[in-house]
Amino acid sequence: MERLTRVLGALTRWGLGLCALLAVLVALYVSLGRQLVPLVAEYRADLEDKAQQALGLPVHVGALEGRWSGLAPVLRLRDLQLGEGSAALRLDDVKLVPDLWASLKAREVRLAHVQLGGLQLILHEDQQGAWTLEGLPKKDDAPLDPAQLLQRLQQLGRVDVFDSQVTFQPWRRDSVTLTYVSLGLQAGPSRQRLEMRATLPDGQPLALNLRSRATPDAWRDGRLEAYVSLPQSDWARWVPPSLLGQWRAKTLRAGGEFWIDWNKGHLQRAVARLNAPQLRGAYAGRKTVTLDNLALSSWVRRGKEGYEVVVDSLAASIGETRWETHLQARQRPGQEAAEDVWHVQADRLDLTPLTPLIDGLAPLPDNLMTVVDALNVTGTLRNVQLDIRPHAEGDQRLQFAANLDKIGFDAYHGAPAAGNVSGSISGDLGHGELRLDTDAFMLHLYPIFGKPWHYQKANARLTWALDKDGFTLIAPYIKVLGDEGKIAADFLIRFRFHEEQADYMDLRVGLTEGDGRYTAKYLPEVLSPALDEWLRSAIVKGAVDEGYFQYQGSLNHNAPAHSRSISLFFKVHDAALDFQPGWPQVQQVDGNVYIEDTGVRIQASKGLLLDTRVSDVSVNIPHVEGDQHSRLYLDGEFDGSLGDGLKILKEAPIGTGEIFAGWEGEGPLQGKVKLDIPLEHGLRPKVLVDFSTSDARLKVEPPALDLSRLKGDFTFDLDKGLSGKGISLQAFDRPVTAQILAEGQGGQIQTRINATGQVPLKSLTDWLQFKQALPASGDIPYQLQVSLGSRDNRLSVNSSLKGLTIDLPAPFGKTAGESRDSSFSMNLQGAERRFDASYADVARLAYAASLDKLAQGRGELVLGGGDASVPGGQGLRVRGRLESLDLEPWQQQLDKYAGQDPGGSARQGLQSVDVSIGQLKAFGTDLNQAVVRLARVASAWDLRLDSKEVIGNARIPDAKAARPIRRKPRPKIRLIRWPPSTRARRRSWT
């Protein structure tokens with residue numbers, strides 16, 4: 001124990017002694033330093049020589065001062081200049097603190113601390129984009145040697161730079177100066193550290209921190225940790241354009257923080273946090289795009305298997321849309337370089353806002369930009385997976401898979417457009433597959449179809465292949481559900497990259513349980529405009545049992561017609577066909593529709609036109625070339641009613657409406673129809689109808705004429721008119737046989753009807769609405785002729801009058817068994833009707849009046865021969881010549897048929913009389929060669945009588961219920977010649 005105590009005491013004494021000795025030595029060291037260091041000013045020249053040898057540059061020190069601080073000397077150099085001329089570095093004040101212990105160990109001068117201020121550096125850019133540093137002396141043009149630099153830094157120890165500035169001078173741009181630059185550099189044998197602070201021109205701070213572990217011998221395997229803090233400034237004002245290449249930045253307001261860890265020649269970790277309130281710019285001369293509130297948070301890490309890159313958040317406001325995504329990338333090294341794989345994942349990529357960004361910022365060639373603009377992709381990709389093999393060859397360099405959410409793109413260069421595409425996609429650079437399962441699907445096969453197709457539901461599988469010759473798109477299976485029915489399709493589209501090779505498509509579309517209202521959407525654009533318009537309006541509705549569309553051939557716009565084949569087929573039932581505007585629709589049609597290269601064909605087994613059944617209907621619209629007009633040819637059979645046939649003639653746009661206006665009919669009607677209708681407006685159609693009827697009724701107006709028990713075979717030709725044979729009917733309850741001839745020419749319809757029969761006189765007067773009693777009775781045999789058409793509409797009747805009794809004095813009266821050829825005619829159109837009649841050689845009548853006011857017409861009655869003409873004034877004129885006339889029988893007939901108002905009817909109708917009579921018998925007196933003139937004036941008649949026996953005139957006033965000739969008027973007689981046989985009766989006459 002005592003021995004231990006002695007040992008501890010001895011150690012204590014030696015320790016205290018050594019401490020005292022050390023304290024004395026330190027005090028001696030400090031005292032000598034304080035005494036000797038101020039003498040360093042005398043060694044200024046030696047210092048310049050040593051520094052010039054070490055640096056290899058001319059060195060000039062204006063003044064050298066020394067002082068002692070702590071345990072180390074401090075040297076202060078004033079007006080220090082390194083180098084010569086304009087490239088010399090001039091520093092006003094530099095402080096040096098030597099590292100005495102390190103210098104002794106290395107047997108060379110080592111510095112512990114260097115402090116300087118007022119450093120000004122200039123980075124200048126020349127026209128070629130090369131940067132040169134001005135403000136530091138240049139030793140030679142040798143490249144920088146990192147190992148030598150590290151050795152030199154070890155000699156300097158710690159270097160502090162204060163109150164300095166760095167100026168950037170881009171080519172033909174304003175200079176940018178970083179002020180208040182502070183830099184701290186400390187370099188040891190294996191560790192280095194750099195801290196820098198600076199102020200941007202807008203007053204915001206910039207910070208940089210570097211830490212490294214590197215030795216001069218193995219600096220490539222060293223480690224570097226870096227941190228950069230950038231303020232949210234507008235960097236577009238300071239970043240040189242040469243650093244941006246062809247991008248043009250108008251606003252780069254952004255800031256953030258960045259961490260980097262580099263070790264053994266590889267990036268180990270990196271973190272980036274960036275916030276950009278606004279970025280505005282464009283590539284080359286494109287339209288400027290804007291990104292607002294860009295936020296980026298990401299990191300990179302190198303593990304045992306490779307790199308891992310994670311973008312926790314990447315978001316920006318593009319216009320009114322907030323765009324955001326999350327990315328992850330992992331590297332999987334292989335045994336060989338070609339097997340290295342980068343696996344990239346993204347949870348969501350909204351493609352809609354990316355097209356304007358690509359337009360404005362992507363460095364793509366013009367032809368590729370044209371594709372991007374034309375496609376105009378919209379929608380969202382979800383669960384995106386990419387496998388990238390940078391060192392591989394062939395199509396396997398990139399493999400991808402993703403879920404599609406309402407993807408859409410426009411048609412381009414014959415490729416179809418699609419919208420609302422949802423499903424999955426996978427493939428590589430040469431092949432791929434799309435599986436579609438979506439609602440509200442849109443497909444547009446442009447330019448074959450002018451409008452897109454919209455469907456409620458769609459399922460499909462598409463594959464594609466890309467090689468050096470072209471792009472091939474194959475859809476082996478497509479199933480869609482739309483308003484038009486259930487549809488299945490497949491297609492093959494091949495696009496060639498060589499212009500001399502034609503693009504090709506093979507498309508097949510099948511339809512079941514369809515709706516005929518939507519058949520127009522499957523009409524291709526290659527049809528002529530007139531044919532396309534007709535097809536879109538012709539099929540109004542109907543149920544499509546099955547339909548089929550096929551296109552095979554070239555997709556090039558300038559390809560000849562024979563380079564493509566188009567066919568379209570529909571099997572329909574209960575359809576409505578509106579084959580021409582103005583014509584009645586054909587309802588309940590069952591048949592087939594064919595649209596081919598040669599034209600359009602419709603074959604209907606049955607249908608209903610109004611209430612008429614049609615069958616075996618064939619519609620043909622041949623294909624025409626150039627400026628030729630498309631025409632519709634229709635053949636068919638019908639079985640219906642005469643009323644439907646008349647309705648078509650009245651309403652169809654064939655120019656027969658005015659002719660058959662007012663006609664009505666009942667009864668069966670069977671026949672065949674042939675139509676040749678131009679689809680261009682303004683051209684005249686051709687209509688040919690063969691039909692027959694039996695036991696039918698026809699009413700013709702005006703005037704109304706009922707024809708019953710109509711039977712015969714008829715033909716209607718729109719260019720000629722109506723014709724018929726074997727026609728029989730009943731008119732006025734009497735049988736009639738008829739023949740109809742079509743006499744039209746040049747598209748002017750004209751029909752002549754020849755009929756033979758008998759008509760009771762009373763029925764005829766009732767039909768003519770003639771209510772005045774007539775001195776005739778019996779039946780009239782006739783040969784009737786009716787002309788209907790564009791040139792003339794007239795009724796003519798010829799008759800022998802055999803069977804008709806005329807109760808009139810001679811020469812007008814006749815018995816029923818006597819024949820006298822007579823005629824009657826009238827026009828059937830116009831506000832005023834013209835009547836012409838002849839009675840053997842006895843009388844002729846010309847009369848004109850409206851049907852509702854026949855008694856108020858105008859006309860002329862010619863007796864004894866001559867032609868009658870219609871006068872200009874109202875009333876009836878009577879003129880002519882009679883061989884003889886006995887007044888007494890006429891007076892009796894007048895009493896019989898005129899009733900108690902003989903003068904009333906005369907006042908209404910008769911206007912004048914001028915008759916020459918060879919022998920006139922009146923009141924027991926015979927007058928020879930008499931001329932009787934009677935004229936209507938006011939309320940009386942002026943009578944003029946000229947004969948061999950009597951010449952004079954008289955005014956006979958109207959008197960109701962009295963015979964004018966017995967009112968004992970006051971005649972004015974200029975001459976009376978009485979023959980001997982009449983003298984006995986002269987008193988009674990006077």
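Analyst: The backbone nitrogen of Trp 171 lies 2.9 Å from a polar atom of the Glu 125 side chain, within the limit for a polar contact (a pair of N or O atoms within 3.5 Å; within protein, one must be able to donate a hydrogen and the other to accept it, and residues adjacent in sequence count only if both atoms are side-chain atoms). The model is predicted: local features need pLDDT of at least 70, side-chain atom pairs count only at pLDDT 80 or more, and totals for chains, interfaces and linings use all residues. Residues are numbered from 1 along each chain as its sequence is written, and side-chain values use heavy atoms, with hydrogens and water left out.

Glu 125 belongs to strand 5 (residues 120-125); strands are DSSP runs of E, at least two residues, numbered from the N terminus. Glu 125 is buried, meaning under 20% relative accessible area (1.4 Å probe, protein chains only). Even so, Glu 125 has no salt bridge, defined as a side-chain nitrogen of Lys or Arg within 4 Å of a carboxyl oxygen of Asp or Glu. Arg 173 is the nearest side chain of opposite charge, 8.2 Å away; Lys and Arg count as positive and Asp and Glu as negative, while His and the chain ends are not counted.

Neighbours within four places in sequence aside, Glu 125 is in contact (heavy atoms within 4.5 Å) with Ala 130, Trp 131, Gln 169, Pro 170, Trp 171, Pro 240 and Ser 242.

Elsewhere, Arg 302 lies over the face of Tyr 307, 5.8 Å from the ring centre; this requires CZ of Arg, or NZ of Lys, within 6 Å of the ring centre and within 35 degrees of the ring normal. Arg 936 lies over the face of Trp 941, at 5.1 Å.

Terms used. Helix = DSSP H or I, 4+ residues; strand = E, 2+ residues; numbered from the N terminus. Buried < 20%, exposed > 50% of the residue type's maximum accessible area, 1.4 Å probe, protein only.
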